[in-house]
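I am opening a page for this model. The entries below note what I looked up.

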Amino acid sequence: MKVNWMEEVEKRKDDLIRDTQTLLRIPSVLDEERATAEAPLGQGVYEALQFLLKRGQEEGFIAKNVDGLAGHLEMGQGDELIGVLCHVDVVPPGDGWTSDPFAAEIRDGKIYARGAIDDKGPTMAAFYAMKIVKELNLPLSKRVRMIIGTDEESKWRCVDHYFKHEEMPTMGFAPDADFPIIYAEKGIVDVDLQQKLTATNEGGEIQLQSLSAGRRYNMVPDFAEAVLLVEGERDAEIEQRFRQFLDETGLNGNVLLNEHTVTLQLEGVSAHAMEPDNGKNAGLLLVSFLAKMSLDKHAQSFIRFLNEYFVGDSRGKTIGISYSDDITGDLTVNVGILAYNQESGGKIGINLRYPVTNDIEKTKRTMEQLAAEHGFALENFSDSKPHHIDQNHALVQTLQRVYEEQTGEQATLLSIGGGTYARSLQAGVAFGPLFPGRQDVAHQKDEYIIIDDLLKVTAIYAQAIYELAK
């Protein structure tokens, strides 16, 4: 049967946009402080999950809530299962938006909201793709299941829990990255370097009371703050030096003077951790300023270690872990979280993205050795293994053909440093929604999805779902 997929999408355009806006208006940021048994990751995340499950039921899909951590919508019949892995949680909105990040305002043919491109817009595109295939009553020999995650931006507890209790799809895709097709993804490590304090904390004309930067391992920190305890008249001198530093670097910042403290605030530029050089790490930039000061012993060792091994090096060369391969490129290092206070010392929260052929155990040993030499311990090491599917797999071949038919462009295979839900499938790839040449605004202020792209993506997903399940 020959279907004009774009025509089918156009018929449902207004409904698609309305449902996308409704989903985007739910502030589904992880909120464990207000978690309940029903909503283990917070009310906003649960509300977004419930909205999709309810919409699915209205459309005649089989809906299932898997303990508030995940869910699915299913259609079709057959032994084999095609999976479409989406997520409804979003990273915190951050500051500096032109409009409310949860207003889903439409301007210039774009919907602006946190989650517009990552991943609520594409999720709704996949939902409408399934709806179109179902409404056209097309014959399917396999089942199709949209699997809805709620913790993709944090610890992946959703898919971990889901696949302990539910069926693994035969094959599938995640609409949560770039077109044409991502067939290889780097491994992802989150790890803390925790400073071990000595008994005494002498010296230094200036004491570092606290330093903080970053909220997530997988984001470049866009704000940092240090509080310094100073004696006498040093505060004016520090202020002058910091303002000179701001002038020289072209960065924005602020100085707040109290009776005995000087608070330094610095703005950076946020970016996704898979390419730290796309941002400006406010934490490391502030460290580079503090490194020139005579600080107390504990602060000095924390700041010097950071300045020597992490400032200006996103490829792990200084710490001896640099690596690259032809499939996925360079290993990258993002210092996503910095936290220091006088009582407990310092913590460095690092996000590593490592190539598919990299020996991560060797990398870990190298980091442990370096940490120990400088009074740090490696803690909370979590590793999401790299993911790689053969380019001749039926899934890859089918999606290549669909993409080429729909766009007229060649469906080249890509590898990325980001992690998508595709890696939780035994046979999975990431497939869109970002078209080549489009700016990637995921995790950034004023995140948006272009409405024309949303429609085009829906048509591609509809054909892909049909071709994979027919």
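In what order do the 3 strands of the open sheet stand? I read E4-E5-E24, with antiparallel pairing. Strands here are DSSP runs of at least two residues and helices (H or I) of at least four, numbered from the N terminus; two strands pair if DSSP finds at least two bridges between them. The model is predicted, so I note that local features need pLDDT of at least 70 and side-chain atom pairs pLDDT 80 or more, while totals for chains, interfaces and linings use all residues. Residues are numbered from 1 along each chain as its sequence is written, and side-chain values use heavy atoms, without hydrogens and water.

Sheet edges: E4 (105-107) and E24 (448-450) each have a single partner strand, so one side of each is left without a neighbour in the sheet. I found 3 bridges between E4 and E5 (residues 110-112), with isoleucine 106 opposite isoleucine 111 in E5.

Helix on the sheet: I looked up H11 (residues 451-469), which packs on the sheet and touches E4, E5 and E24. Contact means heavy atoms within 4.5 Å.

Aspartate 325: I located this residue in strand E15 (residues 324-325). Aspartate 325 is buried, that is, under 20% relative accessible area with a 1.4 Å probe, protein chains only. Beyond its neighbours within four places in sequence, I list Pro355, Val356 and Thr357 as its contacts.

Conventions
Buried means under 20% relative accessible area, exposed over 50%, partly exposed in between (1.4 Å probe, protein chains only). Lys and Arg count as positive and Asp and Glu as negative; His and the chain ends are not counted. A salt bridge is a side-chain nitrogen of Lys or Arg within 4 Å of a carboxyl oxygen of Asp or Glu. Axes are lines fitted to C-alpha atoms, for helices over the stretch in contact, and angles run from 0 to 180 degrees between N-to-C directions.
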